[in-house]
Amino acid sequence: NFSRVTEFILLGLSDKRELQILFFTFFFLAYVMVLLGNFLIIVTVRTDPKLSSPMYFFLCNLSFIDICSGSVVSPRMLVDLLSQRKTIAFEDCIAQMFFLHFAGASEMFLLTVMAYDRYTAICKPLHYTTIMRWQVCWALVLACWAGGFLHSIAHTLLTVQLPFCGPNTINSYFCDVPLVIQLACTDLYGTEWLMASYSGLISLVCFLVLVTSYMFILVTIRAHFTEGYRKAISTCASHMMVVSIFLVPCIFIYLHPFPTFPSNKHICMIYTVFSPMVNPLIYTLRNKEVKASMWKL
């Protein structure tokens, strides 16, 4: 009720027309790959009865989240790259921030659940069907979405109650919590520490859980399945690469107070643009069953 700023100005990636056209071409192709790649995975998993295990159920949900997270930032960025004046309404900025954190946090939790599924399948194979029942799988997915919603709504409520009465220029191509709250006309020390520790700790804890689960998987395979150890290392390494592409930039950006935080818009591109595009490539190209089902489809 006491906000005076009605819109924000996004500085984007570059003010040079030639680079803007180049960026538009590249990010348009990347967004098309995100949509087509993830949509193909969803259709393949849903139409092939052989892909009915919990692993593919979680993979299907991951692809849906990647479509959502990619669609929060990329369409707006593509429009702004062709616009002379890059402005976004205050309500649209808050909505973009909400849905970005909603999808991002849900993906963090889902990647953790997928690692737990792989750990259970490899380290406790005899109990896998008992532990990973379909009721449990649905409950875990719903918990991921609920956790993402609570994480996002907490950031959004803390942001909208701040007074915005002066500067309205954001040195980035999208609205994010660290960039928006720095424009508020009030003391932000407590708010910054609360938001930074909250988002940063969630990213760090999920990353450590993922690394630990893959370590247990490798130790178990080395002790019981020597012939498949090299293949397991290759698979775990590719999965950890995807996880690192998504989580490491989040840890770097959010796990410290915001006053020392520069724009880092190029780092943000890693988890807003590239991560949704890389996920379907890594999780399908190394999976013979999914590739065979795609060829049949």
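**Cavities, strands and helices**

Guide: Let's begin inside: the second largest cavity has a volume of about 50 Å³. Keep in mind that this is a predicted model.

Visitor: Okay! Which residues line the second largest cavity?
Guide: The lining is made of Leu10, Gly12, Leu13, Met77, Asp80, Leu81, Lys86 and Tyr173. Helix H2 is the biggest contributor, giving three residues.

Visitor: And how does that lining divide by class?
Guide: Five of the lining residues are nonpolar, one is polar and two are charged.

Visitor: How many cavities of 30 Å³ or more are there in the whole structure?
Guide: A search of the whole structure turns up three. The largest cavity holds about 190 Å³ of space.

Visitor: Which residues lie nearest the centre of the largest cavity?
Guide: Those are Leu100, His101, Gly104, Cys250 and Tyr271, out of 18 residues in the lining. The elements giving two or more residues to this lining are helices H2 (54-81), H3 (90-123), H7 (189-224), H8 (229-254) and H9 (265-285).

Visitor: Which one gives the most to the largest cavity?
Guide: H3 does, with six residues. By class, the lining of the largest cavity has eight nonpolar, eight polar and two charged residues.

Visitor: Now pockets. How much space lies in the second largest pocket?
Guide: About 190 Å³. Its lining includes Val45, Arg46, Asp48, Trp134 and Trp138. Helix H1 (17-47), H2 and H5 are the elements that give two or more residues to the lining of this pocket.

Visitor: Which of them gives the most to that pocket?
Guide: H2, with three residues. Sorted by class, the pocket's lining has seven nonpolar, three polar and two charged residues.

Visitor: Changing topic: what order do the strands have in the sheet?
Guide: The order is S2-S1-S3, in an open sheet of three strands with mixed pairing. S2 and S3 are at the edges with a single partner strand each, so one side of each has no neighbour in the sheet.

Visitor: Mixed how? Which pairing is parallel and which is antiparallel?
Guide: S1 (residues 7-10) pairs with S2 (residues 87-89) in the antiparallel sense, over three bridges. S1 and S3 (residues 169-170) run parallel and are joined by two bridges.

Visitor: Which residues stand opposite each other there?
Guide: Phe8 is opposite Ile88 in S2, and Ile9 is opposite Thr169 in S3.

Visitor: Which face of S1 is covered and which is uncovered?
Guide: Phe8 and Leu10 form the covered face, while Glu7 and Ile9 form the uncovered one. You've met Leu10 already, as it also lines the second largest cavity.

Visitor: Let's do a helix. How far apart are the end C-alpha atoms of H5?
Guide: They are 39 Å apart. H5 has 27 residues (134-160), and at 1.5 Å a residue it should span 39 Å, so the two values agree.

Visitor: And which residues of H5 are buried?
Guide: The buried residues are Cys137, Val141, Cys144, Gly147, Gly148, His151, Ser152, His155, Thr156 and Thr159.

Visitor: What does the UniProt record say about transmembrane regions?
Guide: The UniProt entry, which is unreviewed, places the feature "transmembrane region" at residues 20-43, 55-74, 94-116, 136-154, 198-221, 233-255 and 267-285.

Visitor: How do residues 94-116 look in the model?
Guide: That span is 100% helix and 0% strand, with its end C-alpha atoms 33 Å apart. For residues 198-221, the span is also 100% helix and 0% strand, and the end C-alpha atoms lie 35 Å apart.

Visitor: Is Asp176 buried or exposed?
Guide: Asp176 counts as buried because its relative accessible area is 2%, and the cut-off for buried is under 20%.

Technical notes. Residues numbered from 1 in each chain as written. Predicted model: local features only at pLDDT ≥ 70, side-chain atom pairs only at ≥ 80, totals over all residues. Heavy atoms only, no water. Helix = DSSP H or I, 4+ residues; strand = E, 2+ residues; numbered from the N terminus. Expected span 1.5 Å × (residues − 1). Buried < 20%, exposed > 50% of the residue type's maximum accessible area, 1.4 Å probe, protein only. Pairing = 2+ DSSP bridges. 1 Å grid on protein atoms, 1.4 Å probe; cavity = no way out; pocket = protein on both sides within 12 Å on 5 of 7 lines; lining within 4 Å. Points joined across faces, edges and corners; volume = space filled by probe spheres on them. Nonpolar A, V, L, I, M, F, W, Y, C, P; charged D, E, K, R; others polar. UniProt positions renumbered as here; feature names shortened; annotations may be inferred.
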